[in-house]
Every structure is written in structure tokens, then in C-alpha cells.
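Visitor: Hi! Could you walk me through this one?
Guide: Happy to, let's take a look together.

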Amino acid sequence: MTPRRTFPALALGVLVLVGAAVPAAPAAGADLSGGLSAEQLWAQNVFGTEISPADAVLDGRGWLAWYPDSHLRAGASGRLVRFLDDPRLDHDYLQGSVEAQWAGGQGRRRLTGGVSGIWRSNTDLYTPYDYRDVSLFASGKLYFTPAFTFQARADLAQRVYPEMSWEDARRVWLSGRLNRSLPTRTSLTLSGRVGWKDYEEAVPDTAGLVGDAPQAALWEVAVQVGQSLSERVGARAWLTYGRLFEATNVARQLTGFENPLLDEFSADGERYGGALKVILPWNCTTELAGEYINLYFPGEPSTRNGTPGPAFIGPDDLLILGQRHDTVTRVKFYADKRITGSSQARKLTLRASAEWTRQESTELYWTWQGWTVGGGLSFEF
Amino acid sequence: MASDRLPAGPASLAFRIASSAVFMLLSGIGYSFAAERAPAPQRVPMPVEKRAWLDRDTDGVHDLFRDADGDGVNDRTGAAYAHRFLWLDSDGDGLNDLFRDADGDGVNDLEVAFRDRDGDGRDDNVLDYDADGRNDVTGLAYTRGDLQGNRHGYIAEGDGSVPWVDEDGDGLADDCWFQGEIFHRHGSRGGGSAAGGPRQGRKSGAGGAER
């Protein structure tokens, strides 16, 4: 049995074991919760010197969770993304998961484990990026005090591209998070993670040679500080630093705008950000956030349209050789208005948002800036 | 376990009857000075098959039960439930001064030490109407020395302490918002024990309970 077939079978086996191991407690109030949301986005971007037509995107989501037992949760969610100006870009997601949780030490220790699957379907232009993803996860949380917690999590996932088997890969993530809230209304969060990505097949390089299946590996640490300025105003700042200590050949990744194959294992760098969150009267929450991102692509230069592209547009419009380097500046704003009825279990949220992004790259193709504004609503029950 | 709470013998029985009578008399006097008394609708014992901690939305509050003002009515259903605590509202704020259960764990938010105001030999600070030694809401077995109040729910039973917790790191107490002039706060920290459950928010200067 090949690894591609072994992993889903293993996941199914674990699912059965999890179900069998869950205590058969009375299903007091077994119930459903869920929601629907729709958001309309309008984007106006400038690529290099070329202004794109206004892109209208309709993003619809739905989710459902079933609690057959206080220790068990099953969930499903779906997403439909519709590009009104170019239906060839439409794509859909469907996700399902089952997880079990246990608590001990009078609730101070919590364990969660489960399995989830994702199915993505694209229309026309992005059909090769259709994939199926199955993952196992386990997490533990420890409360030293109510305001001092530690979490650890492990994920093992396999993604399969039916039309591009050479992109099939397994991923492993190990992560930890330490959070401390202080009486000064300051919160400190330190987190870190390590990930590995193993491709299952090797592909010929530019010289036609086939070696071992490649790997990529990443470590990342992050610090976040939050400070309450009043009960209605909070500020936070964060810094993330990550490095790829093993990189794949970026040439194997097709280029394209929002290429879904460009994932965390494609680039490393730093992120600096800050945000101000304000709770206005009448149940309205707003947040203004800004972030600066420095990205390096340590793999070999990408190939576009079959032509190797080691030359980039550098400072002063000079052609330079080397790796791709991007800087991204992003400012976001959103306002949420929450409407709750007589039962707080049901609520309606209205959202308006705006985002400005400027990306500069040593590769002219990736240099762009633009605005995105959106409006939508969600209903939860 | 029952012997811890129910003294045996005729002398103890006489003592219980006498102390109950004295307490009822005193509580009646107290009532004459208290604010409006809560209505006393027909009370129904908790169904045994429902006894479990249930918090699917992980807001630290039982999904089927809570009694934030201690009036003997389940805030979730509007139905009166069987209990043995008394009503006293000496400051007229509409809240029971003797018993409240905002997180719905069946344990008094205000006190966790053994208390037997009516002299029936039972602990008044836990909901155990049938005196089977198990919490009527959660089904947890308890002892006089440990009511297990901090096992579930967001309230730190006994002192009502509400530490400031910001696990998502946004600089605000977790998932809080204002509606009108009432400050709401629910958390999302998965499970809601006193050790890690969401904490009750307070409006500035008012310290009002979430309602």
C-alpha cells in the first residue's frame, strides 16, 4: 500500500479509536450550532504600472458543529468564493472534522485530539490546484493559574493533488504557546513552531536529473504584547521571526497571483505589526491594524512560462541576479456591529472592512499595491 | 459521605429541629427588613438524567442552567427549580445576598465554606435538593470540605474574583463588548473551569453581574 493510501486509512483508524475511547456519558442536550456568512469584496489593484479592473469577489461561508456528547465534537464547514468578473477563478472548500476532548486536574489540564479533512475544488483556470487534505492533530493545554497558560499542539497532515501528484506532500507541525495576563492588564504571549514538509515524489530539475524527493523545514518564533488602555480600548504589538532551515526548489512551484502552492514553506522572514481595538457603544467593535513583512525566498528562482528568471528588477531599476525578496506593507480596518436577540445563542454580525496593501519585490511581477473594501454579514446560532 | 452532613441520634434530631426553628424565625425577621422578595413559583427538582456539566460554546456557563441573581429560577429556561437556599436582599439590588450561581455549576458563587443556615444539616452552598451527596446540576460528588466549585464555570467561587485574562492577546479582556450600558464578557478558552474559564466582566464602577 502506498503512503498516499496508507495515511487516509490510518486517519480513519484513529477516528474509529477516538470514537470508541470517548466515555459514554449521557448526551445531555446534544445539540447543533452553526452559522452562515457572506461578504462582498471589491479590489482595485495596480500591478507594476498596469491597473487591474475592479475585482468583485463574493465570499460565502457556512459552518455546523454537532455535540453528541460533552467530550465529542463533529464539525463541517464550507466556503464558496465567486469572482464575479472572472468566473474561471471560482473555488470552493469543504471541511469536516471530529475531535474528542478530555479534562483533568479539576479542569486545569485539557487534551484534545481528532482528525480533519479538507476538499478544495477550483474552476477552470485553477483546476490543477484541486486538492484533498487529511490531518491528525492533538493538543494539550495546561492552566498554571487562570491567567497563565501553556498550550502545545502537533499536526500531521497529508495533501494530495489529483492532477499534480508531484505536489503531494506530508506536513508535520509542532507548536507551543505560553500566555500570561498580568494585573497591569498586560498580556504577554510567546509562541513558536517547527514544521517539516516532505514531498512524495522527485521531479527532474532543469538539467533533467531526478534526485531524492525534496524537503522543506521551517522554525518560527513570535512575541505578542497586549495592553488594555481602558475597558473599551486595547492595543497590541507583535513580532514574528521565521527561518527556513531547509528549502525546496521554488522552480517546482508554478507562479501566479495568489498561487495556492506558495505556502509557509516557500519563504521566511520577519513580521512587525501593531493594532488598536476599540469597543464602541451599541455593540460595535472596530480595529485598525498595520503590519510590515519582510520575505525572503531562499529556494532557486522561480520559473515562469518555461523561462528561468534569475534576473530581478532591483533598486534604481537595475537588473540583478539573486533570490526573490519581497516587502509587504498592509493596513487593515474593520468594524463589526453585533446584534443579539433575546437568546444570546443567536446573533447577527454586520461587518465593513477596508485594506490597503503595498508589495515591493525584486521580481517586477510581484510588485503591486491596491485597495480592498468589503461588506457582509454573518448569522450564528 | 452522608454521615458528614447528617448528624445521627435523637439529640441531634432535636437540635436540628430547634436550630431550624430559630433560624426560620431569624430569617423571617431579616426578611421584614429586606427588599422585595422573589416570587416562589412551583419548584421542580433537577432531572437526574440531565446532571452533567455542559458547555458547548465554552463560555464558562452551563448551557442548560444558571441562576445569576439567585432567585430560584433557572435563567436558561425560566422555570423554577428545587433548592434549599434562602432569599435575602438587604441592599435592594435585586440579587440574592445568600446564593447566586452565574456560571451554572450548582455551587454558590459567594461562598464555598460549609454553611447550614436552615439547620437541616446540609450544605446550603451547593445545589443538592435530594441530599444524595451529588451536585444536582453537574452530578459531581462533593464533600463538606470541597464543594468542587472551581471544577467548572468561570466564577472563582468564594470570593467572586475576576482576574483579568487576555488569552488572545488583543489587549482587551477576552471577547468582551458593550451593549447599551451593560458590559458583556464571554471567553473562548475551551471548557470554562475556574482554573481557565472565562471571567465575568464588570462595568466600571458598577461591578454588575452579567445578566
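**Strands of chain A**

Guide: Let's start with one pair: A:Gly75 stands opposite A:Ser97 in strand 5 of chain A. This is a predicted model, where local features need pLDDT of at least 70, side-chain atom pairs count only at pLDDT 80 or more, and totals for chains, interfaces and linings use all residues. Residues are numbered from 1 along each chain as its sequence is written, while chains are lettered from A and ligands numbered from 1 in the order in which they are written.

Visitor: What counts as a strand or a helix?
Guide: Both are DSSP runs numbered from the N terminus: helices are H or I with at least four residues, strands are E with at least two.

Visitor: How many bridges join strand 4 to strand 5 of chain A?
Guide: There are 10 bridges between strand 4 (residues 72-83) and strand 5 (residues 91-104), and the two run antiparallel. Strands pair if DSSP finds at least two bridges between them.

Visitor: And which way does strand 5 of chain A pair with strand 6, parallel or antiparallel?
Guide: Antiparallel, over 14 bridges, with strand 6 covering residues 109-122. In that strand, A:Thr112 is opposite A:Gln101.

Visitor: What sits between strand 3 and strand 4 of chain A?
Guide: These strands form a hairpin with 2 residues between them. They run antiparallel and are joined by 11 bridges, and A:Arg61 faces A:Arg79 in strand 4. Strand 3 (residues 55-69) also pairs with strand 1 (residues 31-47), antiparallel over 13 bridges.

Visitor: How confident is the predictor about chain A?
Guide: The average pLDDT, the predictor's confidence in each residue from 0 to 100, is 81 for chain A, and 77% of its residues score at least 70.

Visitor: OK, switching to chain B. What's in it?
Guide: Chain B has 2 helices and 2 strands, in the order α-α-β-β along the sequence.

Visitor: Which residues are in the largest nonpolar core?
Guide: It has 10 residues, including B:Met46, B:Phe65 and B:Leu127. Such a core is a set of buried Ala, Val, Leu, Ile, Met, Phe, Trp, Tyr and Cys residues joined through C-beta atoms within 7 Å.

Visitor: What does B:Leu127 touch?
Guide: Leaving out residues up to four places away in sequence, B:Leu127 touches B:His83, B:Gly106, B:Asn135, B:Asp136 and B:Val137. Contact means C-beta atoms, placed from the backbone, within 7 Å.

How values were computed. Buried ≥ 20, exposed ≤ 12 C-beta atoms within 10 Å, placed from the backbone. Contact = placed C-beta atoms within 7 Å.
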